[in-house]
Structures are given as structure tokens and as C-alpha cells.
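Okay, thanks everyone, let's get going. Have a look at this one with me.

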Amino acid sequence: ARDFFRYHDEVYCAAGKMILAMQYENDVLSNRTDNPGADLDREMIGGYSSLHVRRGDLQFPEVKFDSDTWYENTKELWKPNEILYIATDET
């Protein structure tokens, strides 16, 4: 059933608005008024990175890291001052 799951168009539309907002914020923070969207590829993708941190469904305590450990383990993946969207189930 998972392979046949499809989100409603409204979900894609809302997600698209969030992506555009993050790309715009990247341009503003980069003072990119003369060349907006410079970090986007030819498919208009980019300008931010994202990370999905799943914590609630992990049964082994040794794989549950605090935020400082997450940062130390991934900091070389991100560009300086890059917008990072983090999705998590952590409360």
C-alpha cells in the first residue's frame, strides 16, 4: 500500500510555498538582490538544505543523539550560513 500512496495536490502546493519561502529567505540573507536564485540549479531546486531526524521510533538508545552530536556529525555537509530545514518527530 505504501507504494501507491499519493498526497493531495493541496499538500504539494503548500510544500512548494514553503520551498519558495526558504529560497527567498536565502536570497535575502545572502544580500542577493542583483542575482536572486543564484544557488538554484536549472530545475529551480536549491537555496537550502534539509534534514529529517527520526527519533521516536528508534528502539536502541545508542543511536539517539542530542542536537550537538547531530551538528558535529553533519556540519561539513552544509554551506556557511545556509538555511537548514529540520523535520523531526522529537517533542
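So, how much of the chain counts as buried? Of its 91 residues, 18% do, where buried means under 20% relative accessible area, exposed over 50%, and partly exposed in between, with a 1.4 Å probe and protein chains only. Quick caveat: this is a predicted model, so local features need pLDDT of at least 70 and side-chain atom pairs pLDDT 80 or more, while totals for chains, interfaces and linings use all residues. Residues are numbered from 1 along each chain as its sequence is written, and side-chain values use heavy atoms, leaving out hydrogens and water.

Along the sequence you read α-β-α-β, that is, 2 helices and 2 strands. Those are DSSP runs, numbered from the N terminus: helices are H or I with at least four residues, strands E with at least two.

Now find Ser49, in strand β1, residues 49–53. Ser49 is buried, at 17% relative accessible area. Leaving aside residues up to four places away in sequence, Ser49 touches Trp78, Glu82, Ile83, Leu84 and Tyr85; a contact is heavy atoms within 4.5 Å.

Last stop, the aromatics. The whole structure has 2 aromatic pairs. Phe5 and Tyr7 are edge-to-face, because their ring centres sit 4.9 Å apart with the planes at 90°. Tyr7 and Tyr12 are edge-to-face too, at 6.1 Å and 85°. The rule for Phe, Tyr and Trp (its six-membered ring): centres within 6.5 Å, planes under 30 degrees apart stacked, over 60 edge-to-face, the rest tilted. Phe5, Tyr7 and Tyr12 form one cluster. Phe5 is exposed at 56%, while Tyr7 is partly exposed at 44%, and so is Tyr12 at 48%.
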